Amino acid sequence: TAPQGAGGASVTEDGALALADAAQELTEHVEAEDGDDLCVEMSVILAVEMSTQPFKTFHFDGILGLGLDGLTMNRNFSAYDMLVRGGKIGASHFGVFLTEGEDGEESEIAMGGINEKRMLDALKWAPVAMADLGYWQVHIAAVRINGVELDVCKDGTCRGVVDTGTSHLGIPAPHDGEFADLLTRDAGDLLDCRLSEAPEIEFEFADFNLTLHPFNYMRRLPLREGVSVSSAQGVYVPSAETNATLGLPSSGDAVWGNTTN
């Protein structure tokens with residue numbers, strides 16, 4: 001039973017997180033809570049040719065990018081920024097809720113605020129680190145598994161990207177192997193790995209801690225023997241002051257998962 005990523009985030013444009021030539025002008029329709037449509041003209045990138053793999057297996061028609069300006073071609077390519085600048089939403093916030101879809105529950109993005117019906121507790125905020133790179137990236141003070149602090153963030157330069165575009169938990173080498181050893185469990189007779197007795201993962205931020213339980217990070221289905229969902233390339237975010245270990249080759253287990261937030 002291999003771990004997976006899980007999560008959700010609420011973000012604000014002022015820099016806090018609660019976690020091309022081929023373009024043409026299109027009108028983006030976003031349905032408001034009161035049933036009205038929010039229309040905004042924006043630029044999008046269209047694919048004129050796509051490979052069979054992996055795109056044929058996808059069950060979606062496009063990608064709604066919600067990164068910061070550093071990842072956009074210009075501000076006109078950001079649906080979120082265009083809604084804010086056009087005065088279409090009341091606040092420069094958005095909230096993401098992701099679900100496995102059990103019992104008919106659906107995922108959602110709340111533009112202009114958060115859906116309080118989805119909250120289990122009050123929001124907690126963390127400042128965005130190195131926002132010019134365009135990622136919703138935060139400083140991580142420490143990482144613990146079952147209450148034991150690991151070496152991965154002890155050098156003080158540790159950061160993590162909260163990315164709703166992936167269901168994986170990415171760990172820089174050489175620490176990826178240690179995470180895999182501590183979190184992987186034999187599925188045995190379990191049909192749902194989220195029910196396994198596995199450790200808690202705790203991420204320490206400046207003002208609060210985030211705890212992931214096995215049902216948050218485990219895959220639902222066990223992996224067959226010899227099957228891996230890891231990335232041999234590991235995880236790398238270019239930076240002048242990043243973890244020294246990011247320059248090392250991955251041991252092949254840097255990314256786990258298959259889901260979420």
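Predicted model: local features only at pLDDT ≥ 70, side-chain atom pairs only at ≥ 80, totals over all residues.
**Notebook: cores and rings**

I then looked up the second core, which is separate and has 14 residues, among them Val40, Leu66, Met82 and Val96.

Next came the largest nonpolar core, with 23 residues. Phe203 is listed there among the residues with the most contacts inside the core, together with Ile140, Val143, Phe179, Ile201 and Tyr217. I noted the elements that give two or more residues to this core: strand S9 (142-145), helix H2 (175-183) and strand S13 (201-204).

The chain has 261 residues, and 36% of them count as buried.

I turned to the aromatic rings and counted four pairs. Tyr80 and Phe94 make an edge-to-face pair, at 4.9 Å centre to centre and 75 degrees between the planes. Tyr80 lies in helix H1 and Phe94 in strand S5, 14 residues apart, and the pair links distant parts of the chain. Are Tyr80 and Phe94 buried or exposed? Both are buried.

I checked Phe205 and Phe208 next: their ring centres are 5.1 Å apart and their planes stand at 35 degrees, so this pair is tilted. Phe205 has a relative accessible area of 10% and Phe208 has 16%, so both fall under the 20% cut-off and count as buried.

Ring pairs also join Trp136 with Tyr80 and Phe94 in a cluster.

My last entry is a charge: the charged end of Arg118 sits over the ring of Phe97, 4.2 Å from the ring centre.

Technical notes
Residues numbered from 1 in each chain as written. Heavy atoms only, no water. Core = buried A, V, L, I, M, F, W, Y, C linked by side-chain atoms within 4.5 Å. Buried < 20%, exposed > 50% of the residue type's maximum accessible area, 1.4 Å probe, protein only. Helix = DSSP H or I, 4+ residues; strand = E, 2+ residues; numbered from the N terminus. Phe/Tyr/Trp six-rings, centres within 6.5 Å; stacked < 30°, edge-to-face > 60°. Lys NZ or Arg CZ within 6 Å of the ring centre and 35° of its normal.
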